[in-house]
Amino acid sequence: MKLGSPPKLIVFHPSIHKQGASHRLWLLAFVSFFTFVFLLTLLSMREATGASASSGAKYPSQLPDHVFDTLVHYAASNVTNKMSAEDLSSVSDVIKKLAPCNFLVFGLGYETLLWRALNHNGRTVFLDESEFYIAKFEERYKKMEAYDVQYTTKVNQMWELLESAKEQIRNDCRPVQNLLFSDCRLGINDLPNQLYEVDWDVILVDGPRGYYPSAPGRMSAIFTAGVLARSKKGKKGTHVFVHDFDREVEKIFSDEFLCKENMVWSNKGMAHFVVQTSEPSSFTFCGNSTSPLSSSSS
């Protein structure tokens with residue numbers, strides 16, 4: 001600069017600063033937006049992964065405990081005293097059509113866990129003569145519903161019991177009644193009260209013991225099954241199965257209280273009946289029977 005010449009003033013226009021600041025703000029907003037989107041995507045992926053893992057733990061393919069126990073039980077078993085494939089199929093085919101249903105089983109045995117598993121989400125109740133046996137089952141297999149029955153009958157009393165039923169068929173041994181209040185010698189009246197109110201869809205008589213003269217026999221079980229079926233409130237019939245049908249007691253008492261006209265199928269080991277609800281005023285078990293018990297009461 002020469003001496004005496006006027007000084008030159010350099011002025012920076014404020015628009016220059018504004019333009020740079022604006023670019024930086026846009027860049028900051030742009031980066032912030034994509035950072036937000038990235039974090040949101042990451043969180044969504046983690047939630048989806050967690051939900052998938054948790055839903056996998058509850059996926060329907062995870063077997064219920066009682067079904068799992070059933071598979072393990074039969075995989076580890078080596079038992080010869082069991083139902084034949086034909087007998088098993090006759091019962092399981094009906095359960096498959098009706099399940100979930102109300103299923104009453106007289107007797108605990110090799111097939112117990114199978115019946116419970118097949119009637120998944122239904123009500124399966126077991127009755128057995130052994131309180132100890134029931135306790136063992138309930139201890140090992142949780143949530144199993146079973147009750148002990150104190151049978152007062154013996155196989156060698158079968159004809160006496162039939163005669164008693166004939167004499168009381170219009171009173172305590174009638175075909176439609178609440179057995180809780182009955183004094184019929186063949187009726188089982190010591191079960192929990194609510195069991196008499198259940199409309200049973202399927203009843204299987206596979207107990208108690210009946211293979212020697214002093215055994216309790218299945219006379220009461222068959223009679224009780226017949227009364228429960230005829231006293232049912234619903235209109236649909238009750239499927240009643242009797243195992244060991246080749247034995248005298250099972251054959252004779254089924255003919256008397258379940259009736260030949262109700263028989264759907266039978267072989268040496270099993271008989272299948274469908275028993276319909278009867279009117280309260282009915283005093284006969286079988287309509288087409290010529291047995292001494294039914295003919296004398298008609």
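Biologist: Which residues lie nearest the centre of the largest pocket?

Modeller: In this predicted model, Asn-81, Leu-108, Asp-206, Arg-218 and Asp-244 lie nearest the centre of the largest pocket. The lining comprises 22 residues.

Biologist: How much space lies in the largest pocket?

Modeller: The largest pocket holds about 500 Å³ of space.

Biologist: And what classes of residue make up its lining?

Modeller: The lining of the largest pocket has nine charged, seven polar and six nonpolar residues.

Biologist: What about the second largest pocket: what is its volume?

Modeller: The volume of the second largest pocket is about 300 Å³. It is lined by 16 residues, and those closest to its centre are His-66, Arg-116, His-120, Lys-142 and Lys-143.

Biologist: Which helix and which strand each supply at least two residues of that lining?

Modeller: They are helix H2 (65-76) and strand S2 (123-128). H2 gives the largest share of the lining of the second largest pocket, with three residues. By class, this lining divides into eight charged, six polar and two nonpolar residues.

Biologist: Which residues line the largest cavity?

Modeller: Its lining consists of Val-105, Gly-107, Leu-108, Gly-109, Tyr-110, Glu-111, Thr-112, Trp-115, Leu-204 and Asp-206. Five of these lining residues are nonpolar, three are polar and two are charged. Leu-108 and Asp-206 line the cavity, and both are also among the residues nearest the centre of the largest pocket.

Biologist: Asp-206 keeps coming up. Which salt-bridge network is Asp-206 linked in?

Modeller: Asp-206 belongs to a network of salt bridges with Arg-218, Asp-244, Arg-247 and Glu-250. Of these, Asp-206, Arg-218 and Asp-244 are among the residues nearest the centre of the largest pocket.

Biologist: How far apart are the closest N and O atoms of Glu-250 and Arg-247?

Modeller: In the salt bridge between Glu-250 and Arg-247, the closest N and O atoms are 2.8 Å apart.

Biologist: Are Glu-250 and Arg-247 buried or exposed?

Modeller: Both Glu-250 and Arg-247 are buried.

Biologist: How many salt bridges are found in the whole structure?

Modeller: A search of the whole structure gives 12 salt bridges. One of them joins Glu-160 to Arg-185, with 3.1 Å between the closest N and O atoms.

Biologist: Which residue does Lys-233 meet in a salt bridge?

Modeller: The side chain of Lys-233 meets that of Glu-197, at 3.3 Å from N to O. This pair links distant parts of the chain, 36 residues apart: Lys-233 is in the loop between helix H7 (219-230) and strand S5 (238-243), and Glu-197 is in the loop between H6 and S4. Lys-233 is exposed, with a relative accessible area of 58%, whereas Glu-197 is partly exposed at 44%.

Biologist: Changing topic to the sheet: what is its strand order?

Modeller: The open sheet has seven strands in the order S3-S2-S1-S4-S5-S7-S6, and its pairing is mixed. Strand S3 (145-148) and strand S6 (263-266) are the edge strands, each pairing on one side only. From one strand to the next, the twist averages 15 degrees.

Biologist: How many bridges join S6 to S7, and how many join S5 to S7?

Modeller: S6 is joined to strand S7 (residues 270-275) by three bridges, and the two run antiparallel. S5 and S7 also run antiparallel, joined by six bridges.

Biologist: Which residues of S7 stand opposite Met-263 and His-239?

Modeller: Met-263 stands opposite Phe-273, and His-239 stands opposite Val-274. S6 and S7 form a hairpin, with three residues between them.

Biologist: Which residues of S7 are buried on each side?

Modeller: Met-270, His-272 and Val-274 are buried on one side, and Ala-271, Phe-273 and Val-275 on the other. Six of the six residues of S7 are therefore buried, given the cut-off of under 20% relative accessible area.

Terms used: Residues are numbered from 1 along each chain as its sequence is written. This is a predicted model: local features need pLDDT of at least 70, side-chain atom pairs count only at pLDDT 80 or more; totals for chains, interfaces and linings use all residues. Side-chain values use heavy atoms; hydrogens and water are left out. On a 1 Å grid over the protein atoms alone, a cavity is a set of points where a 1.4 Å probe fits but cannot get out, and a pocket is an open set with protein on both sides within 12 Å along at least five of seven lines; lining residues have an atom within 4 Å of a point. Grid points are joined across faces, edges and corners, and a volume is the space filled by probe spheres set on the points. Ala, Val, Leu, Ile, Met, Phe, Trp, Tyr, Cys and Pro count as nonpolar, Asp, Glu, Lys and Arg as charged, and the others, Gly among them, as polar. Helices (H or I, at least four residues) and strands (E, at least two) are DSSP runs, numbered from the N terminus. A salt bridge is a side-chain nitrogen of Lys or Arg within 4 Å of a carboxyl oxygen of Asp or Glu. Buried means under 20% relative accessible area, exposed over 50%, partly exposed in between (1.4 Å probe, protein chains only). Two strands pair if DSSP finds at least two bridges between them. Axes are lines fitted to C-alpha atoms, for helices over the stretch in contact, and angles run from 0 to 180 degrees between N-to-C directions.
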